[in-house]
Amino acid sequence: MRRQVLLFLSALCLRRVLGQVSYSIPEEMSKGSVVGNIVHDLGVDLKRLTSGKARVYTGRSVAHIGLNKERGVLVVQERIDREALCGESTPCAMHFQVILENPMELFRVTVEITDINDNTPSFTNAEKRFEISESAIVGSKFILEKAIDLDIGMNGLQQYTLTPADNFALKLENEADGSKKVEMVLQMPLDREKQSYIRLLLTATDGGEPQLSGTVHILINVLDANDNAPTFEKRIYTAKILENAAKGTSVTTVRASDKDIGANGNVSYLISPSKRFLADIFNINAQTGVITLIGGIDYEKATSYQMDVEVVDTGGLSDSTKVVVDVIDMNDNSPHINIVSKSDTILEDSPPNTVLAMLSVSDPDSENNGKVECVIDDNTPFKIESSLNGFYTLVTEVDLDRERSSEYNITVTCSDEGVPSLSSSDTLTLRISDVNDNAPVFERSSYEASIVENNTPGLSIFTVKARDADWNQNARLSYILEDSSYNGVPVSSYVSVSADSGVIHAVRSFDYEHLKDFHFHIRAQDGGSPPLSSNVSVRILIQDQNDNAPQVLYPVQTGGSVLAEMVPRSADVGYLVTKVVAVDVDSGQNAWLSYKVHKATDRALFEVGLHNGEIRTVRQVTDKDAVKQRLTVLVEDNGQPSRSATVIVNVAVADSFPEVLSEFTDFSMHDKEYNDKLTFYLVLALAVVSFLFITCLLLIISVKVYRWRQSRILYHSSLPVIPYYPPRYSDTLGTGTLPHVYNYEVCRTTDSRKSNFKVDRAASHNVLVMDPSSTGTMQKIHSEKNILDELDSPLE
């Protein structure tokens, strides 16, 4: 018989989860046979099957049908036996789904399995024996065994034939379940004396092509005198039983009567063996007709059972009745949750209603016991929606935030409407992927730090710290010094910042006397795409260091003349002789000055104020006190370590000016001797410095001429030109310059119009120049270092 495939399509596409197509194929098709072109029938692009990871979902059933994604067709991948799959049910169909992802789509496919004539009608027993009394009247009926043909329709059982047909005729009678009741009817009286043993052949044939048949031998032993057959009280018995009923439960009782008496009136009951599986479920008491449950029954496997019960008397006469047992469903099955497809991760900026998972939920119970409703936890930003009968989708309900919660455990609970209700649950773990939606945040709104002047370049000042609520690369921070200038100088020449750690380093050595503080901005930038950043203001305070000695402004020391303070001999105790005035360019306690007498001609005569520098008499001046008094006053600051300066104060104890003149000459002689020595050393130092300067100048000119000649030679030659960079060459923007030394000379007097400030680049320190004709004393000031460029480099 040629197998023909009947193909029909009813496509209803509902976006994302709806679509249906149906096919019809015969059973027992060979593996690999094409069922249908699913791509054409559903209107799906062939490439979509691969990109969407198309697959066939059958739930817990065996996948008889597979999907060939390369060809876009459904193929047979397991043997399909309609009788094993559906039994007597018709029509026989397999239902499954084709699932696509990215985006998720679901299509329902129904494949109807048509019957072929692959089963021969058969009888349970090879022979059937009867003992019939010769007194059996014409028309007596004898129940024969039904043949079993697992095929249906025309391929199923069609007719019976009884041969020979001398004494008995075959009678077929339709029953309520559509089957035929097979009876052998006596049409001629029996005569045991003529024929005590009759052999008949019952043949059952189907309507298939080719036609198949099965036979059973009927052996009849003719007995004497039993002319009444037993009869049942009802043609159909009905009963109901709970599916979880215990074994031994009574189902129903059938009753038959026989008008004969004695041994011929005794009857026995039996369940027809035409359906073999019923013998494992039900049992009948042969004497009482009570049917009891001996096996397990399940409403989900069979909702009702129909059995033929026969009654036979001792004379071999029999009757039959139909017993229909309806199974009452109990809520004994919890909903079954199967995750068809799911996403393990989702971006935190995913919009609401993004599909996370697709679930298939089934409950084999009936009516309310099989109605299922699924819910999830209320404290999660998700919701569950019903898409198709038995299918649910889990979607986002609101916007997500990974920084609030990076992972969710979503528990799906499905409950039926039975009493009591049964439920099942399953937990899905979902991780939230980070998106760069948080800018770095500094630990403080602004920073302030301090550094002691005269620091070493490269010294670490302090660390700025920012945090980013994002994760991984989006939270990887880099610290950048914003381009700016302070007092016309780029901030990058003051400090630098480590990109990874945020540590701020000093680029140069600071001088408090020139720079008290400065500020700048640092930007923290994450590694996201696009990157996010934030700025913070940083202020650096320069702390003073005691690097300047006190400077004495008064009394002024002169080189050639002697200046003395005169104290009358009549001066009382506490007489103010003079006041030592000194300053310190440092600040704070480094500039707090204290005065004390270091040396004195007569320590018992004078004292100096510790904080004000006032020189006063300690006792009454007498005639015995020398006219010429010399005090050396030590001025000391409060720094650690402290710095100091000294000043010589000449005091003349006399009542009149002529009295002082005789002693004044001695002062001048002593100072002149000191000044002569100092002048000699100054002249010698000037000669040495001049010689070194002329020597360096000649050397530089020689090098310049030599380079010029070399460049002219290279210019006229064929040799490649190699650019020359002078040693320690660097940029001129400040960060790469080398330090020069500027020398400052500060000359101060009590008259501000005579003060002088001079810059000298020719030497590394100043030399005290003494001018005997001057009315004031010039103090030596420590040289201060500024960062300048090397020779031939422009100033910063």
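**Note on backbone exceptions, sheets, disulfides and an enclosed cavity**

1. Glu367 counts as exposed, because its relative accessibility is 70% and the cut-off for that class is over 50%. The model is a predicted one, and the remarks below should be read with that in mind. Glu367 sits in the loop that runs between strand 27 (355–362) and strand 28 (372–376), and its phi is near 50°, which is a positive value in a residue other than glycine. As background, most residues other than glycine have a negative phi.

2. A second residue of this kind is Asn472, whose phi is near 60°, again positive in a residue other than glycine. Asn472 is found in the loop between strand 36 (466–467) and strand 37 (478–481).

3. Two peptide bonds deserve a look in the viewer. The bond from Glu209 to Pro210 is cis, with omega near 5°, and Pro210 has its place in the loop between strand 14 (197–206) and strand 15 (213–223). The bond from Tyr554 to Pro555 is likewise cis, with omega near 0°, and Pro555 lies in the loop that connects strand 44 (551–554) with strand 45 (564–567). For context, most peptide bonds are trans.

4. How many disulfides does a search of the whole structure find? The search finds two, and when the bonded cysteines of the protein are numbered in sequence order, the pairing reads 1-2, 3-4. As a reminder, a disulfide is a covalent bond between the sulfur atoms of two cysteines. Cys86 is joined to Cys92, with an S to S distance of 1.8 Å, and since the torsion about this S-S bond is about 65°, the disulfide of Cys86 and Cys92 is right-handed. Cys86 has a relative accessible area of 17% and is buried, while Cys92, with 2%, is buried as well.

5. The other bond is formed by Cys374 and Cys414, whose sulfur atoms are 2.0 Å apart. This pair links distant parts of the chain, with Cys374 in strand 28 and Cys414 in strand 31, 40 residues apart. The torsion about the S-S bond of Cys374 and Cys414 is about 105°, so this disulfide is right-handed. Both Cys374 and Cys414 are buried. Elsewhere, Cys696 is partly exposed, with a relative accessible area of 44%.

6. In general, strands of a sheet pair through backbone hydrogen bonds, either parallel or antiparallel.

7. An open sheet is formed by four strands in the order 17-24-23-20, with mixed pairing. Which strands of this sheet are its edge strands? They are strand 17 (236–242) and strand 20 (267–271), each of which pairs on one side only. Neighbouring strands of the sheet are turned against each other by 25° on average, direction ignored. Strand 23 and strand 24 pair in the antiparallel sense over nine bridges, and Val312 stands opposite Ser318 in strand 24.

8. The model has six cavities of 30 Å³ or more, and the largest cavity holds about 90 Å³ of space. Its lining is made up of Ile143, Leu144, Glu145, Lys146, Glu175, Lys181, Ser272, Asp308, Glu310, Ser320 and Thr321. By class, the lining residues of the largest cavity divide into two nonpolar, three polar and six charged.

Terms used:
Residues numbered from 1 in each chain as written. Predicted model: local features only at pLDDT ≥ 70, side-chain atom pairs only at ≥ 80, totals over all residues. Heavy atoms only, no water. Helix = DSSP H or I, 4+ residues; strand = E, 2+ residues; numbered from the N terminus. Buried < 20%, exposed > 50% of the residue type's maximum accessible area, 1.4 Å probe, protein only. 1 Å grid on protein atoms, 1.4 Å probe; cavity = no way out; pocket = protein on both sides within 12 Å on 5 of 7 lines; lining within 4 Å. Points joined across faces, edges and corners; volume = space filled by probe spheres on them. Nonpolar A, V, L, I, M, F, W, Y, C, P; charged D, E, K, R; others polar. Pairing = 2+ DSSP bridges. Axes fitted to C-alpha atoms, helices over the stretch in contact; angles between N-to-C directions. Disulfide = S-S within 2.5 Å.
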